[in-house]
Amino acid sequence: MSITTLTFAGFVLLVLAVYYILPHRFQNAWLLTASYVFYLTFTWQFSAILVVMTLVNYWLARWLEQAERRKKALLWIGIGFNLAVLAFLKYAGYFVAQFTARLNSSGEPGALAILLPVGLSFTVVQAISYLVDVSRKQTQASTRPVDFALYFAYFPKLTSGPIERARTFLPLLAQPRRVDNRAIAENFTRIVVGLVRKMILANAFTALAPTSVLQDPSSSSPLALMAWLVAYAFAIYNDFAGYTSIARGVSGLIGIELSPNFEAPYFSRNFTEFWNRWHISLSNWLRDYIYLPISRALLRRNPSRGNIANLIVPPIVTMLVSALWHEAALHMLIWGLLHGIYQVVERIPSLRGPLIPVQKLPRWRQVAGALVVFVLAALAWLPFRASLPEAGRFLAALATNWPLLPSTSWMGLAGVTAMLVPALALDALQAHSGELVFLRWPRLVQAGLLAGVILAVFLVSQTYLNVPTFVYQGF
Amino acid sequence: MDEQRPTLQITWPFGLTPALALLLLATSLGLLEGLLRIPALQALLPPPSRGTGHAQFEVQYQNFIRYQRAHPELNCIIMGSSQTWAGIDPEKLRAAYLEAGGQPLDCFNFGVQVITSAEAATLAELAIRETSPRVVIYGLSVRDLAEYEGSLINRVSWVFQQNPWIRYRLGTFTLSGWLTEHSAAYGYYLTFRARLSEAEWRTRQDAAAATREDGFRVVPFGNNVGPILPDRAILPEFYDALGDYRPSPERLAGLDQILSLQNENLRVIVIEVPLPDATIAVFSGGKEAYPVLFSQPLRERVAASGALYLNGMDAGPFPDEEWADFDHLNTDGASHLSRWLGERLAEELTDAAP
């Protein structure tokens, strides 16, 4: 069940109607039931896997907390179990499919291909952070099985995050919730903004970045290929940011606030800032459980400012882990490596002295920084989206298909330019005046805007016969 | 204490902004709808779309509606794929029919590119709901019935099965279909969307420029080269359809659906559109097998339904100069076939007095 469908809207209304009536002690059980019903709409096997993961992690954390000895071994067993599930269901599926493809005369992936549960990668990182936090005594092992099961299965965040830490999420489940006029207005706004991002902006940018260009980039001019990259960059961003906004809005109507995941990432002035604004919950997870432990270990050996290993290893390893989390594929590793290199290069001056905070740089350097970050991030999206041969052909065409000006693709260029105006305006507004800036506008303006959004979303839903699924649902 | 308090704590006034938004939306859409129904304004705009994404079908449908309004005497619809669109000229057919002693036969050529008998059946149903013809002429050849696939043919097949307006017109309620049919604003919105696709818009303009008001394709094909076979790598589905001919059950069912339109008020004529020798040579078993495996079973099927079968090959021979390419006649070829067809219909339909 996609969260942009009327079916999902009906499902949420039903869940809320019952939820609001129930006393607090039954609400979590109701939300858990609803979450599993939601997950069952994908396939029943996904729910079975989630049950197993929930039970194993629940008991492992309890043992971990009570264990006097061999705590580390238990932690690694837990991490190993979660990674094994991920490796088997996500990566083994890929390798088995490739292997059977070689066996088949047709070259098609075989029937042994394993089903990847929707949102599994998100569940696994939540499970690992929970076990690590329990072992570090940063949180207590949950003694409330329903709450713990809901932490994994909570339907607004189940398929694509945000990745919540148990230490912040479980206390929210323990306390009674309140949904008042203000909460409804704020979360309704989040849902509307999410629909605008997903249904209007992401769909339009996706249409402007057709797969056919990847298959035959040589028939496009460099300008058209650049426009494709820009369109793809904004498509993936608005797709994921749209999902998060809808998920946060739905959860807010339940009275549970989920973490923000995006803060106008394409306005970032360097890559450190970019990763603090893009998929924030994953970036924070990677920072806390990959980057900082490696960096601390390296600094323990050599605490000097000129520690080159500390400059290179933590960002590269972190970004490679991020790439593997997305997909076990060479092109994805290239994407991770590129982002790792970007971060290493921009921190080279830190070997000589403290870096000047980006907000204290002259205005022109901030603007130039933002442009450079966008161009490099857009180029890195190429191996994220395309196979290596496709990316190679794309770059070759970008470098050689001169003249720059296209003969036939003005409509595509005009389309990308036209869609950039509302996309950038929305980001600029939210970055400058806050996510819920619209609520401070006069009621008539709000109503006019909402009317426009209702119309646009309706038209898109009626005429895009196949609204693409959320990109991050695939992870 | 908190446990006792309800989660939902709303106070009035509540929901004023969404209510105002709906009011604004209803008012502005009402005004826009009224504005776009003014004929003077409509004359300045391109016609409202049906949202099919099949540019040439959209043009043909507009032509059909316009022609039907301008020619209340319309009593015959010619249907088929691009072979029929370019192969049967209603003007020449009418003249030959009259000359041979028949009564006026006013046809509209509703040929649509890249359709098979399955889609032609849908097209026939759509056309018959719009008007009440006395004669339906269905032009087909081996590709209309063969089992084969291709990206274009699959896409068109999907459009004819899934397009909300087509489904609505055929009796299944869809909101988008209802709006397309009844709202001028929605129709113009679909046109605007079509305009956003450069390729679709160009195809639409080319199709409009190439089509006469009676639906016939008058402009020669761009590849007007005579009966030269296409490269197998460029058009593999052509070789799949002919080289390994097997009738498709779905497409045969489409043919049967068209044949079932035959009744005392409506004559169905199936004409096998001619093909050049080079193309027939590709047919599995070659030129000798073609009549046995294709023409004869088709003749029998049509005869069994009570409809009339005519073989366009009988109008032949069609010299090389009358072929646009490997399976389309050019305008000269179309004249040749249409005159013959008019004469044959005059013989066959004299008693029916269409």
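Two strands are said to pair if DSSP finds at least two bridges between them; strands (E, at least two residues) and helices (H or I, at least four) are DSSP runs, numbered from the N terminus. The structure is a predicted model, in which local features need pLDDT of at least 70, side-chain atom pairs count only at pLDDT 80 or more, and totals for chains, interfaces and linings use all residues. Residues are numbered from 1 along each chain as its sequence is written, chains are lettered from A in the order in which they are written, and side-chain values use heavy atoms, with hydrogens and water left out.

In the model, β1(A) and β1(B) (residues 8-9) pair in the parallel sense over two bridges. Within β1(B), B:Leu8 is the bridge partner of A:Val179.

Contact (heavy atoms within 4.5 Å) links 37 residues of chain A with 31 residues of chain B. The buried area, that is, the accessible area (1.4 Å probe) that two parts lose on being put together, summed over both, is about 2,800 Å² for chains A and B, and carbon and sulfur atoms give 65% of this area. Zero salt bridges are found across this interface, a salt bridge being a side-chain nitrogen of Lys or Arg within 4 Å of a carboxyl oxygen of Asp or Glu. On the side of chain A that touches chain B, α19(A) supplies the largest share, 14 residues.

Within chain A, 12 residues of domain 2 are in contact with 12 residues of domain 3. These domains, with bounds from an automatic or database domain assignment, bury about 1,200 Å² between them, 74% of it on carbon and sulfur atoms.
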